[in-house]
Amino acid sequence: MRAGSVSRKLGFVLALLTVAGTMFARSPSDISQLKGETRVHYKESNVKLELSSGTQLEKRAGELWSETHKSEPSFVAEALYIVPKKTQDNQIEELSVIARSFSKMQGMKYISSEGKEEVLYPEVWTVENGQSKKAVPDKTSGPVDRQTFYMWQKDQSFGGSVYQVYMEKTDNQLLLSELNLNPLYLAIVKAVESKNLQVTLVISDKGDDLSIYVLVKASVLKVPLIDNMVKSSFTSRLEAVANWFIRSYYES
């Protein structure tokens with residue numbers, strides 16, 4: 001075979017591999033396997049958030065706890081994922097719809113400390129207020145910036161609670177912060193008082209990519225023998241919540 005023919009065929013193969021690689025990198029199955037960077041701190045003082053890039057809403061995420069709590073949380077964990085966008089268009093409006101689709105979190109899965117895939121939230125739905133457990137349709141239209149929503153969420157490990165969900169939005173960022181309004185229990189042991197678990201997501205449209213920043217802060221009651229269980233359970237939520245959001249984005 002002549003050198004020119006080999007060169008042309010090699011060039012075609014390389015081009016094909018490049019296109020296939022790009023398609024694979026943006027496929028939902030590949031995205032769901034991505035692992036983010038994580039940082040976990042338990043019973044440490046003056047924790048510095050290492051994965052926050054200091055953007056407006058990531059900075060805001062770090063400040064929310066101190067606005068309602070006088071003491072530092074005993075548990076702080078953060079995760080950061082960078083994923084390619086589906087299109088070059090600004091995606092914040094679409095992402096705000098996903099963020100308010102609370103009922104779609106039902107059945108979300110996570111990897112347990114035993115390495116098994118289990119359902120994290122067997123029950124999730126939107127409710128009208130902080131006292132109700134009655135399901136209403138997800139409120140996916142209308143304003144989202146500086147709005148408060150409520151959802152009922154039953155956790156595989158900690159039981160059920162109504163959560164207050166606060167959201168903010170800029171032209172290229174979206175913040176969603178959940179705060180438990182009921183105590184959380186491990187079996188019959190109270191592990192977290194009401195308003196002492198805060199899970200915050202900040203999604204940023206960076207042009208070619210999305211960044212998914214997850215911050216978990218909690219004050220855990222000092223109960224013997226549950227420390228490792230609580231730390232493991234809260235840590236698993238970082239990956240589960242981020243992967244759920246990423247998967248929902250690609251499937252929308």
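Biologist: Where in the chain is the place of K195?

Modeller: Start with the elements: helices (H or I, at least four residues) and strands (E, at least two) are DSSP runs, numbered from the N terminus. K195 sits in the loop between β10 and β11. This is a predicted model, in which local features need pLDDT of at least 70 and side-chain atom pairs count only at pLDDT 80 or more, while totals for chains, interfaces and linings use all residues. Residues are numbered from 1 along each chain as its sequence is written, and side-chain values use heavy atoms, with hydrogens and water left out.

Biologist: What is the phi of K195?

Modeller: Most residues other than glycine have a negative phi. K195, although not a glycine, has a positive phi of about 60°. A187 also has a positive phi of about 60° and is not a glycine; its place is the loop between β9 (184–186) and β10 (189–192).

Biologist: Which accessibility class does A187 fall into?

Modeller: Buried means under 20% relative accessible area, exposed over 50%, and partly exposed in between (1.4 Å probe, protein chains only). A187 counts as exposed because its relative accessibility is 71%. K195, at 46%, is therefore partly exposed. Across the protein chain of 252 residues, 46% count as buried.

Biologist: Which residues touch the most other members of the largest nonpolar core?

Modeller: A nonpolar core is a set of buried Ala, Val, Leu, Ile, Met, Phe, Trp, Tyr and Cys residues joined through side-chain atoms within 4.5 Å. The largest one has 52 residues, and L95, L197, I212, F234 and F245 touch the most other members. Helix α5 (residues 227–251) gives the largest share of this core, 11 residues. Another core, of 11 residues, lies apart from it and includes A61, L80, Y166 and L175.

Biologist: A61 makes me look at α3. Which of its residues are buried?

Modeller: They are L57, E58, R60, A61, L64 and W65. Their cover includes β7 (159–169), β8 (173–180), β11 (197–205) and β12 (209–218). α3 also bends by about 35° at G62, the bend being the angle between axes fitted to the seven residues ending there and the seven starting there.

Biologist: Finally, what is the mean pLDDT of the protein chain?

Modeller: pLDDT is the predictor's confidence in each residue, from 0 to 100. The mean here is 84, and 86% of the residues reach 70 or more. Over residues 2–28, however, pLDDT stays under 50, and the model has 13 contacts beyond four places in sequence for them.

Methods: Contact = heavy atoms within 4.5 Å.
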